Amino acid sequence: MKLRIARDEMLTALQRVQGVVEKRNTMPQLSNILLEAKPEGVDVTATDLEIGMRGLYKATVQDPGSITLSARKLFEILKELPEGEIELSVTENNWATIRSGKSQFKVVGLPSTEYPALPSIEREGLTPVTGSGLLELIRKTLFAVGDNDARYILNGLLVTLITAEKKTTLRLVGTDGHRLALAEQDTPAAGGKEGPKEIKAIIPKKAAHEMKRLLEEGDGEPLIGFTKNLMIFRKSGLLLTSRLMEGNYPNYQQVIPKEKDQDKKVSVARTELEGALRRVSVLSRDKTNAVKVTLSVGKMTLYTSNPDFGEATEELAAQYKGETLTTGFNARYLLDVLGVMDGDAVAMQMDNPLSPCLIREPGNAGFTCVVMPIKV
């Protein structure tokens, strides 16, 4: 195997796969990437057996072949090399030589025959979605997904794809039991002739992160599809596959309170609330980040106290007309929600100090968030 490739082209390929390769050294092959030199270019593949990514990159291939090399070491080498072309050649004993200018590296590889194969993918049945729209939905829900939660299913993002004759609706839901975020968007689509179809799938948090990173690159509209146990995501020559999580997702509709039942409504400037929460939570207790929130006519008061450090209070103007209400929240949960909102104002609704708090973005009916209060 022998090829020449622009250093920046190869570096792009390696940057994309760093998040996919297995960090824990369970199988040596999984910390490697598979390079396959073909007449049309070089295929770069990475997998951790759950998630796989493959892309074709421009290269001048003199001698086709394949090898697997350490993703991290190759990335570190290329980062240090100057711009320009690099030459990669492989000898029979799976040693790879990388040349650039007067630099030369010899790297130990593993035979490509030992590398796990990605699942075979059908090109049909994928639904086109808008890249910026999907990126927005992931950004607005991923923060709420569980992180190594004991309830395994909460470590995934629920994706619902509804295709009808005139439009495609994509809905994403994330929750860790303490907060929930739902975002949905409609896109015009030439739906199928056989009437509306609904597909529900739970994708791992890691797969959603990788999709987000690919979408942030811009260029090219993505296609998304699901088989019985696989998500397929295609975008401008890149393929991302992920195993779906098995299990029943909680009934999130039950968690979202009805607006008519929430008579304590407050509207406040988003950036002001964000700043006040950051300041006041400096003195909150580390584990709970507890902040006491008091609503009274025309204002919101934030208060924290910590026996080791002291206390902090901040008052901000708010549109509120109801009776005084005092409740408490984990400041980090509120800050996470405010961080993904784009509007100038934030609307919050509650029924009583211990009821779930419904958080909305005025003017954006497709985004809903629920945060559970805590006792303070």
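Predicted model: local features only at pLDDT ≥ 70, side-chain atom pairs only at ≥ 80, totals over all residues.
Local features need pLDDT of at least 70 and side-chain atom pairs count only at pLDDT 80 or more, while totals for chains, interfaces and linings use all residues. Numbering starts from 1 along each chain as its sequence is written, and side-chain values use heavy atoms, with hydrogens and water left out.

View 1. The strands line up as 5-1-7-8-9, with antiparallel pairing. (Strands are DSSP runs of E, at least two residues, and helices are runs of H or I, at least four, both numbered from the N terminus; two strands pair if DSSP finds at least two bridges between them.) Strand 5 (60–63) and strand 9 (103–108) sit at the edges with a single partner strand each, so one side of each has no neighbour in the sheet. From one strand to the next, the twist averages 20°.

**View 2. Strand 1 beside strand 5.** Strand 1 (residues 2–6) runs antiparallel to strand 5, and three bridges join the two. Look for K2, which stands opposite D63 in strand 5.

**View 3. Helix 1 against helix 2.** The axes of helix 1 and helix 2 (residues 71–80) come within 10 Å and cross at roughly 145°. (Axes are lines fitted to C-alpha atoms, for helices over the stretch in contact; angles run from 0 to 180 degrees between N-to-C directions.) On the helix 1 side, R7, M10, L11, L14 and Q15 meet A71, L74, F75, L78 and K79 of helix 2. Contact here means heavy atoms within 4.5 Å.
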